[in-house]
Amino acid sequence: MAYFKILVMSIGSSFLLSACDNQIQEAEPVSSVTGLKDIYADYFPIGASLSPANLSGKDSSLIVTEFNSVTAENVMKPSPIQPEQNQFNWGPADAMVNFVEENGLKMRGHTLCWHNQVGDWMFENEEGGEVDKQTLLRRLKEHIQAVVGRYQDHIYAWDVVNEVIADEGEAWYRDSRWYQITGEEFIAKAFEYAHEADSNATLFYNDYNATNPDKMEKIVKMLTQLKEEGVPIHGMGLQGHWSIYYPSEAQLRTALETYKELGLEIQITELDISVYPGESGGRREKSADELDTFTEEMEQQQIAQYKMIFKVLRDYRDVITGVTFWNVSDAHSWLDNFPVKGRKNYPLLFDQNRERKKAYEAVIDF
Ligand code: G3I
């Protein structure tokens with residue numbers, strides 16, 4: 001199977017010709033019928049996060065060829081979609097949903113409750129002071145009802161709560177405004193509100209560094225507690241902002257095994273493989289020669305890392321229900337500006353010209 005697929009892919013964007021009634025007819029370009037989504041059809045949906053700019057031009061055809069699931073990179077987050085109380089900016093999110101419907105794609109929702117990209121209004125009362133717990137939970141409920149309700153026929157899964165676990169030290173939870181005002185109560189409530197708004201949606205907790213043993217322990221403790229309390233949570237989203245240096249195969253297998261034991265489904269929700277070491281795929285200092293060089297060494301390491309990761313993910317196809325890349329091609333990645341502003345990164349399977357990279361071939365070679 002793999003050999004045949006690679007053969008087909010290697011034809012690239014050339015056209016297949018077929019003989020019919022003694023006439024040579026032009027058939028569909030191979031690249032429009034065979035992409036990652038097709039090669040992984042027996043495993044899990046393959047997605048990408050999109051910005052409004054991706055919905056037209058070269059990106060849109062690449063997306064439809066390669067992916068069968070999408071996530072909004074920003075436009076469904078709290079402040080982009082509700083910048084002020086009861087003032088909703090539905091346009092960009094609606095456009096993405098229309099694109100999804102027109103092209104027969106699946107869509108994940110991202111995200112309902114986060115410490116980042118949420119308007120200050122959420123936490124403030126009319127006098128500019130801090131709202132009380134009941135008011136904040138009511139606003140959270142109203143936000144979730146509005147957003148989940150509007151898209152309930154189009155979105156099959158939501159990242160309900162995003163990144164609430166503390167990264168380092170003793171603290172269990174991130175010291176966010178949500179946490180300061182409600183304690184940990186907002187977490188269970190967010191899932192309950194989402195379930196009330198759409199009882200068919202699959203509800204995820206989503207976080208980064210979720211293969212890191214210390215953080216994983218805290219995440220597991222929270223998920224276990226939520227399950228014991230009967231909170232409607234169905235999945236664990238490992239963001240997958242990884243690099244050519246981590247995670248190791250053993251770390252990844254341990255993490256998948258650990259989350260699997262909780263009886264949750266698993267998705268990789270924001271996959272990219274940075275070519276730099278360090279926190280979230282980058283080191284703080286930069287050197288000039290790193291700015292726009294994708295070296296042969298980086299490329300080889302990235303090929304090996306992508307190959308290893310997809311091999312492991314295929315092994316866990318019984319619990320993995322989706323793998324989504326964060327951004328579409330190396331033409332634009334959020335990692336171009338994080339953690340070092342303006343340092344080019346090359347974390348995806350398509351290069352800056354939207355061509356398939358060698359890492360792509362490694363991912364489909366099985
Ligand atoms: O929309 C404004 C625009 O009006 C303004 O002109 C422009 C000026 O800089 O900023 C625009 O907002 C930016 C937004 O992306 C949309 O492009 C924000 O500054 C920028 O901070 C924001 O970055 C996003 C980041 O989340 C915010 O934390 C990234 O695009 C997005 O990829 C990233 O995604 C997160 C996931 O949601 C959660 N997991 C981590 C992941 C990476 O940080």
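The model is predicted, so to keep to its rules, local features need pLDDT of at least 70 and side-chain atom pairs count only at pLDDT 80 or more, while totals for chains, interfaces and linings use all residues. Residues are numbered from 1 along each chain as its sequence is written, and side-chain values use heavy atoms, with hydrogens and water left out.

Let's begin at the ligand. Around the ligand there are 14 residues, and the closest are Glu73, Asn74, Lys77, His110 and Glu270; a residue counts as near when one of its heavy atoms lies within 4 Å. This shell divides into 3 nonpolar, 7 polar and 4 charged residues. Here Ala, Val, Leu, Ile, Met, Phe, Trp, Tyr, Cys and Pro are nonpolar, Asp, Glu, Lys and Arg are charged, and the others, Gly among them, are polar.

Now look at individual atoms. An oxygen atom of the ligand lies 3.0 Å from a polar side-chain atom of Asn116, and a ligand oxygen is 2.9 Å from an N or O atom in the side chain of Trp326. Gln239 has a polar side-chain atom 3.1 Å from a nitrogen atom of the ligand. Polar contacts are pairs of N or O atoms within 3.5 Å. On its own the ligand has 790 Å² of accessible area, and the protein covers 45% of it (Shrake-Rupley method, 1.4 Å probe).

Next, find two helices. Two packed helices are described by the angle between their axes and the distance between the axes. Helix α11 (residues 249-261) and helix α12 (residues 296-315) pack at about 25°, with axes 10 Å apart. Helices are DSSP runs of H or I with at least four residues, and strands are runs of E with at least two. The axes are lines fitted to C-alpha atoms over the stretch in contact, and angles run from 0 to 180 degrees between N-to-C directions. α11 and α12 are therefore roughly parallel to each other, a term for angles under 35 degrees.

Finally, follow the backbone. Most residues other than glycine have a negative phi, and most peptide bonds are trans. A cis peptide bond joins His110 to Thr111, with omega about -15°, and Thr111 sits in strand β5 (residues 106-113). Another cis bond runs from Phe338 to Pro339, with omega near 0°. Pro339 belongs to the loop between β11 (320-325) and α13 (358-364). Asn86, though not a glycine, has a positive phi of about 65°.

Technical notes. A polar contact is a pair of N or O atoms within 3.5 Å; within protein, one must be able to donate a hydrogen and the other to accept it, and residues adjacent in sequence count only if both atoms are side-chain atoms. Angles under 35 degrees count as roughly parallel, over 145 as roughly antiparallel, 65 to 115 as roughly perpendicular and the rest as oblique.
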